[in-house]
Amino acid sequence: MAESVPFAPPPEPLEISTGNLAHSWGKWKQKFEIYLKAIGASKKPDEMKVGLLLNHIGELCLEIFCCLLSS
């Protein structure tokens with residue numbers, strides 16, 4: 001019998017334009033780690049987890065990440 005995967009919505013994109021960035025990051029990271037556990041990805045290869053993080057962190061954060069890679 002196939003194992004069913006529970007539906008778990010990913011966290012909203014990380015908001016970095018207002019408020020306390022360190023606090024926002026800490027809360028977002030916690031929600032993301034819970035999401036990884038809920039979908040069964042917490043023990044998957046880091047490459048997969050990074051892909052999920054970059055897919056869900058938000059457009060602005062992805063742009064910053066890409067700029068850092070190209071520097």
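**Exercise 1. Determine the volume of the largest pocket and characterise its lining.**

Step 1. The largest pocket holds about 180 Å³ of space. A pocket here is an open set of points on a 1 Å grid over the protein atoms alone, where a 1.4 Å probe fits, with protein on both sides within 12 Å along at least five of seven lines. The volume is the space filled by probe spheres set on the points.

The model is predicted: local features need pLDDT of at least 70, side-chain atom pairs count only at pLDDT 80 or more, and totals for chains, interfaces and linings use all residues. Residues are numbered from 1 along each chain as its sequence is written, and side-chain values use heavy atoms, without hydrogens and water.

Step 2. Lining residues (an atom within 4 Å of a point) include Leu14, Ile16, Trp25, Cys61 and Phe65.

Step 3. Helices H1 (21-38), H2 (46-56) and H3 (59-70) each give two or more residues to this lining. H3 gives the most, with four residues. Helices are DSSP runs of H or I with at least four residues, and strands are runs of E with at least two.

Step 4. By class, the lining has 11 nonpolar, no polar and no charged residues. Asp, Glu, Lys and Arg count as charged; Ala, Val, Leu, Ile, Met, Phe, Trp, Tyr, Cys and Pro as nonpolar; the others as polar.

**Exercise 2. Describe how H1 and H2 cross and which residues meet.**

Step 1. The axes, lines fitted to C-alpha atoms over the stretch in contact, come within 11 Å and cross at roughly 125 degrees. H1 is therefore oblique to H2, since angles under 35 degrees are roughly parallel, over 145 roughly antiparallel, 65 to 115 roughly perpendicular and the rest oblique.

Step 2. Trp28, Phe32, Tyr35 and Leu36 in H1 meet Lys49, Leu52, Leu53 and His56 in H2, where contact means heavy atoms within 4.5 Å.

Definitions and conventions: Axes are lines fitted to C-alpha atoms, for helices over the stretch in contact, and angles run from 0 to 180 degrees between N-to-C directions.
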